[in-house]
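Here is my note on the model you asked me to look through. I have kept to a handful of points, so do have the structure open as you read.

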Amino acid sequence: MINENCSSYCKSINVPLIGSVKELEKTKTFGGYILIKKNSPWEPKIENTNTMIRTIYERVKEIQNKQNIIWKLQLISDDNNEIESIEHMHAIFYKNLHSEGIIGNLKKETYKIPFAKLADNFENIMLNENTEFLVDNEYERDVLVCNHSRRDICCGKYGYPIYKYLKNLSLEKVKIWRTSHIGGHRTAPTMVEFPEARYWGYLTNEIAKDIVTKEFTIVDIFDKHYRGRFGMKNEEQMIDLMALNKFGIKWHSNNLSIFSELKNKKIIIKMKSHLLEIKKILQKEPMIIEVGETKCQIVKPINLFKEN
């Protein structure tokens with residue numbers, strides 16, 4: 001268990017957040033997120049929570065290895081005991097429809113799957129759209145606040161008050177969830193918002209509200225609180241931060257993309273947008289960043305926040 005003051009210490013010495021979201025393995029593609037409705041408490045390793053969760057965890061792992069694809073599995077709860085069923089699994093899938101990195105928002109699909117049919121249909125649901133068990137999406141957006149106190153005390157101590165505050169706002173078309181470990185406990189309280197799949201840290205009630213309502217009125221909110229997106233390389237996350245500072249809500253909420261590759265000690269960045277006003281500002285040619293002690297224009301962050 002990490003010392004409960006780890007996040008307070010990191011914040012006090014201004015440890016930067018950008019790049020603190022784990023990079024995707026270079027040989028893998030990103031499938032998306034699987035959010036399983038399961039009331040807490042959750043075990044430190046979520047697969048040990050109960051037999052159903054272990055079955056799902058092992059099935060996801062099996063499919064990942066076979067398809068060379070990465071999925072993020074999260075347990076979620078809204079403290080409503082009625083969400084659980086002894087006959088069905090309730091799950092929200094946020095799917096990345098692109099084979100290279102993350103492009104724009106993820107596609108949301110909500111399922112109610114009988115346990116008896118789970119094993120035979122789970123792979124098809126992950127990789128396709130299974131209309132047999134598909135139900136209507138109840139909300140347009142989902143916000144997951146890390147509250148996994150059995151995994152790390154910082155997330156329980158600092159995350160739960162943020163969750164309760166946001167939930168009590170009763171925001172229209174937005175569902176606030178508690179969730180299991182999302183990584184970056186040293187940035188607690190931390191959360192991830194969907195469908196954008198953006199991670200945030202060092203939250204207060206006011207900052208969390210500013211993000212969830214998409215007002216973005218707080219000075220330096222991106223520089224001080226934005227962590228990045230899973231599926232992006234560290235340098236892509238840094239470029240993403242620069243774009244957020246420049247374009248704000250237009251970059252945050254639209255189908256925009258960043259790709260990068262390293263060639264001959266140079267990072268080649270390509271940015272795309274379907275919004276005309278952003279297209280006019282983006283460079284037509286790829287952005288080339290020199291890598292080296294004297295020529296580096298963008299410093300790749302040291303990853304202090306490796307997931308455990």
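Which hand, left or right, does the crossing of α2 and α3 have? The crossing of α2 and α3 is right-handed; a crossing is left-handed if the near helix is turned anticlockwise from the far one by less than a right angle, and right-handed if clockwise. More on that pair follows in point 2.

1. Ground rules and overview. This is a predicted model, in which local features need pLDDT of at least 70 and side-chain atom pairs count only at pLDDT 80 or more, while totals for chains, interfaces and linings use all residues. Residues are numbered from 1 along each chain as its sequence is written, and side-chain values use heavy atoms, with hydrogens and water left out. The secondary structure comes to nine helices and 13 strands (DSSP runs numbered from the N terminus: helices are H or I with at least four residues, strands are E with at least two). Of the 308 residues in the chain, 52% are buried (under 20% relative accessible area, with exposed over 50% and partly exposed in between, using a 1.4 Å probe and protein chains only). Among contacts (heavy atoms within 4.5 Å) with a separation of 6 or more, 67% join residues 24 or more positions apart.

2. Helices α2 and α3. Helix α2 covers residues 51-67 and α3 covers residues 115-127; they pack at an angle of about 35°, with their axes 11 Å apart. Axes here are lines fitted to C-alpha atoms, for helices over the stretch in contact, and angles run from 0 to 180 degrees between N-to-C directions. On the α2 side the contact is made by M52, I56, R59, V60, I63, K66 and Q67, which meet F115, L118, A119, F122, E123, M126 and L127 of α3. These residues divide into ten nonpolar, one polar and three charged (Ala, Val, Leu, Ile, Met, Phe, Trp, Tyr, Cys and Pro count as nonpolar, Asp, Glu, Lys and Arg as charged, and the others, Gly among them, as polar).

3. Helices α4 and α5. The axes of α4 and α5 come within 10 Å and cross at roughly 50°. That makes α4 oblique to α5 (angles under 35 degrees count as roughly parallel, over 145 as roughly antiparallel, 65 to 115 as roughly perpendicular and the rest as oblique). The crossing of α4 and α5 is right-handed. P161, I162, Y165 and L166 in α4 meet N205, A208, K209 and V212 in α5, a contact of six nonpolar, one polar and one charged residues.

4. The surroundings of α5. Helix α5 spans residues 205-212, with I207, A208, D210, I211 and V212 buried. What do these buried residues pack against? Their partners are β6 (141-146), α4 (153-168), β7 (174-179), β8 (191-194), β9 (198-200) and α6 (221-225). After α5 comes K214, whose phi is positive, near 60°.

5. W200 in β9. W200 is found in strand β9 and is buried, with a relative accessible area of 0%. Its contacts beyond four places in sequence include I211, F216, I221, F222 and H252. The side chains of W200 and E193 are joined by a polar contact of 2.9 Å (a pair of N or O atoms within 3.5 Å; within protein, one must be able to donate a hydrogen and the other to accept it, and residues adjacent in sequence count only if both atoms are side-chain atoms). Y226 lies 26 residues from W200 along the chain, with 4.7 Å between their C-alpha atoms.

6. D142 lies in strand β6 and counts as buried because its relative accessibility is 0%. Its side chain makes polar contacts with the side chains of Y94 (2.5 Å) and W177 (2.9 Å). K175, found in strand β7, counts as buried at 14% relative accessibility. Beyond four places in sequence, K175 is in contact with D78, Y139, R141, D142 and V143.

7. Q74 in β2. Is Q74 buried or exposed? Q74, in strand β2 (residues 69-77), counts as buried because its relative accessibility is 3%. A polar atom of the Q74 side chain lies 2.9 Å from the backbone oxygen of S180. Among the other contacts of Q74 beyond four places in sequence are I34, L144 and H181.
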